[in-house]
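Subject: Structure handover and findings

Hello,

Here is the structure for you to look over. My notes follow below it.

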Amino acid sequence: VFVQYERGVIAKAAHAMDGTADDPAFRVEREHGDGRSVYLNITPTPYLWSRRGADGFAYRRLLEGIMARAGVVPRVRVFRDGVEAHTVERLMWRSADATYLWLVENPVRDAAIDGMGTADGIPPQDTETIEVQLASPTGSAVDMRSGQEIGSGSVLKLDWNPHEAAVIRLD
C-alpha cells in the first residue's frame, strides 16, 4: 500500500497504519514539550494513482488520524451513499456577511497518449443526494443557484448535480 521514500531500511508496511508502532522504516513520532513531530517515510506520489481504491483510503485514513490527534479536523465532509466522496473538492470563502461553500466534483483523470484518457468516478446521473457534514453548525444554508433553503445544523442534505458546482451560503 505505502511506498517507502528512503530506501535501505527494513520496511513493515503494517506499522505505517499502526498509531503506536515506532518503526523508523515508515513512521516515527516524538513528543517535544507540548508538541509532537511525526516523520512518515512514505511518498504521496502513489496516492495519485490509487486514490480511488482501497490503497487511497489507507493513505487518507493514516493522515486523517495524525491530523485528528493534533486537533485538526475537516471543516466540511461530503458523503455519497454513506461513503465519503473524496473526489468532491470543498472550497470555502468568507465575505463580510456570510461564509460560502463551493462543492466541485474533481474526478480522477488518467491521461492517454493517443486520446482523451479516462475520468473514472464521475457519477452518471444528473442529480444525486449528498450529505454535507459541517464541523461547526450553521444557522441556515441556502443553495445560491436555486435560492432554496437547505436546512441548518451540522448535517445538510443536498440534491446536487455533480456535473455543476454547488454554491451554498452558510449563515
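Buried here means under 20% relative accessible area, exposed means over 50%, and partly exposed lies in between (1.4 Å probe, protein chains only). This is a predicted model, in which local features need pLDDT of at least 70 and side-chain atom pairs count only at pLDDT 80 or more, while totals for chains, interfaces and linings use all residues. Residues are numbered from 1 along each chain as its sequence is written, and side-chain values use heavy atoms, with hydrogens and water left out.

Overall fold

The protein chain holds three helices and 11 strands. Both are DSSP runs numbered from the N terminus: helices (H or I) have at least four residues, strands (E) at least two. In sequence order the pattern is α-β-β-α-α-β-β-β-β-β-β-β-β-β. The protein chain has 171 residues, and 35% of them count as buried. Contact means heavy atoms within 4.5 Å. Among contacts in the protein chain with a separation of 6 or more, 49% join residues 24 or more positions apart.

Aromatic rings

A pair of aromatic rings is described by the distance of the centres and the angle of the planes. Rings of Phe, Tyr and Trp (its six-membered ring) pair if their centres lie within 6.5 Å; planes under 30 degrees apart count as stacked, over 60 as edge-to-face, and the rest as tilted. The whole structure has three aromatic pairs. In one of them, Tyr100 and Trp102 have ring centres 6.3 Å apart and planes at 45°, so this pair is tilted. Tyr100 is buried, at 12% relative accessible area. Trp102 is partly exposed, at 27%. Together with Trp93, Tyr100 and Trp102 form one aromatic cluster.

Leu101

Leu101 belongs to strand E6 (residues 99–105). Its relative accessibility is 0%, so Leu101 counts as buried. Beyond its neighbours within four places in sequence, Leu101 is in contact with residues including Val76, Met92, Val132, Ile168 and Leu170. Ala141 is 40 residues from Leu101 in sequence, and their C-alpha atoms are 9.6 Å apart.

Thr138

Thr138 sits in strand E9 (residues 128–143). It counts as buried because its relative accessibility is 8%. Neighbours within four places aside, Thr138 is in contact with Ser152, Gly153, Leu170 and Asp171. A polar atom of the Thr138 side chain lies 2.8 Å from the backbone oxygen of Asp171.

Pockets

A pocket is an open set of points on a 1 Å grid over the protein atoms alone, where a 1.4 Å probe fits, with protein on both sides within 12 Å along at least five of seven lines; lining residues have an atom within 4 Å of a point. Points are joined across faces, edges and corners, and a volume is the space filled by probe spheres set on them.

The largest pocket has a volume of about 920 Å³. Its lining has 34 residues, with Tyr47, Arg60, Glu64, Glu84 and His86 nearest the centre. H3 gives the largest share of that lining, eight residues.

The second largest pocket has a volume of about 230 Å³. Of its 13 lining residues, Arg75, Met92, Thr99, Ser136 and Leu170 are closest to the centre. E5 and E9 each supply at least two lining residues. The largest share, six residues, comes from E9.

Best wishes

Key: A polar contact is a pair of N or O atoms within 3.5 Å; within protein, one must be able to donate a hydrogen and the other to accept it, and residues adjacent in sequence count only if both atoms are side-chain atoms.
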